[in-house]
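User: I'm new to this one. Can you walk me through its cavities and its aromatic rings?
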Amino acid sequence: MTSTQSSVSSRPVTRPGNPCFSSGPCAKRPGWSVAALSDAFTGRSHRSAEGRARLADVIERSSAILGVPEGWRVGIVPASDTGAVEMALWSLLGARPVDVLAFESFSTLWAQDIVSQLKLDNARVLKADYGHLPDLSEVNWTHDVVLAWNGTTSGVRLPSCDVIPAEHEGLVICDATSAAFAMDLPWDRLDVVTWSWQKALGGEAAHGMLALSPRAVERLEQFEAPRPLPKIFRLTKKNALIEPIFKGDTINTPSMLCVEDALDGLKWAESIGGLAGLKARSKANLAEVVAWEAKTDWVSFLAEKEEERSSTAICLRIVAPWFLALERAEQSKVVKQMTGLLDKEGVAFDIASYRDAPPGLRIWGGATVEAADVKALLPWLDWAFAQVAPSA
Ligand SMILES: Cc1ncc(COP(=O)(O)O)c(C=O)c1O
């Protein structure tokens, strides 16, 4: 054990005010309680004037905070972000060759769906291991391109908005679920953007959001996907977009409790300055981890490049030589021991890395998490690591 480790292994005194650091469902906004839902439109139809107005309010507030351009359609769709992404893939793909970036668990799942379920014979999977992005110079932007803006399971994000050329013939379909409300998205370079309520604003898991550019709508109306589509995926009728979906008429029944909670998160986002406020809070959370990582020798970011480091899904590798010498299953056990200790102390819940990712830690740094709580958590990580290190 190094001097750094032994000097910080004593039991910290300060605890995070909120131990919720899960990467989804994410922490509720500061000050949230169930009372925030007291005006929920429960026991009433979502198709009544008031029900529809509340759904439309979610669409309008989300669009305003995110800066969705005029002319885009934003709708509430079934099955969270997964539902929104799958709807887009199944409805839109097949018209052109497809390039899909697969660099962590979810983007790899989209690639598998495109290749094995949609069975598109003109799909190319551009792969990279956890911690890296695929070589973006390999992307053919005349193809449709499927990507995750922020890899929630690797903590790697696209480094800047201009990695996508302004002129691209294909559609760019972007899973932005762990990026929306935390980082800038290049709306002028994307065609489909998806996210879910359970991520950056701390909403309840249930529904997904699907945003379509005018080019994506044009594709939907002109291209008939050569496959059957279940009702919950269908966005067009007789070659015309079903416009009411984008005005608050959902395809199937939403939970009005979840709708109320989504509105609560959006109103909180507005109260802290909208996207600028959300981004600043997320950056402050990452800054706490960056400062700690710089002076801590047992840990390192999973993202290899600083400019690709996510401020929401902050993924950490354990780099102590004794840990690296273990088999993967043994490494997972060590991580489980650490997270078990932290859970028992009530200082951090759900911070083990995603099941397919390299064993390590993952701390959610979206805006609903307080920087002071991240700061208070970090000495506890040193403590937990010292407890499981062989020489402790
Ligand atoms: C990048 C990404 N895509 C998709 C999903 C699936 O989201 P949901 O469970 O909300 O459908 C997640 C969940 O964490 C994710 O991080």
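Predicted model: local features only at pLDDT ≥ 70, side-chain atom pairs only at ≥ 80, totals over all residues.

User: Which residues lie nearest the centre of the largest one?
Analyst: F181, W195, S196, W197 and L201. The lining has 16 residues in total.

User: Which element gives the most?
Analyst: α6, with four residues. By class, the lining of the largest cavity has nine nonpolar, five polar and two charged residues.

User: Switching to rings. How many aromatic pairs does the structure hold?
Analyst: Nine. One of them is F181 with W195. Their ring centres are 6.3 Å apart and their planes are at 80°. Planes over 60 degrees apart count as edge-to-face, so this pair is edge-to-face.

User: Where do those two lie?
Analyst: F181 lies in the loop between β7 (172–175) and β8, while W195 is in strand β8. The pair therefore ties together parts that are 14 residues apart in sequence.

User: Is F181 buried or exposed? What about W195?
Analyst: F181 is buried, with a relative accessible area of 5%. W195 counts as buried too, at 2% relative accessibility.

User: What about W380 and W383?
Analyst: They form an edge-to-face pair, 5.4 Å centre to centre with 80° between the planes. Both lie in helix α10 (residues 371–388). They are three residues apart, about one turn of the helix. W380 and W383 are both buried.

User: Which residues form an aromatic cluster?
Analyst: W292, W298, W322, F323 and F385 form one.

User: Last topic, charges. What sits over the ring of W383?
Analyst: The charged end of R11, 5.9 Å from the ring centre.

User: And over the ring of W32?
Analyst: There it is the charged end of K28, 4.7 Å from the centre of the ring.

Notes:
Residues numbered from 1 in each chain as written. Heavy atoms only, no water. 1 Å grid on protein atoms, 1.4 Å probe; cavity = no way out; pocket = protein on both sides within 12 Å on 5 of 7 lines; lining within 4 Å. Nonpolar A, V, L, I, M, F, W, Y, C, P; charged D, E, K, R; others polar. Phe/Tyr/Trp six-rings, centres within 6.5 Å; stacked < 30°, edge-to-face > 60°. Buried < 20%, exposed > 50% of the residue type's maximum accessible area, 1.4 Å probe, protein only. Lys NZ or Arg CZ within 6 Å of the ring centre and 35° of its normal.
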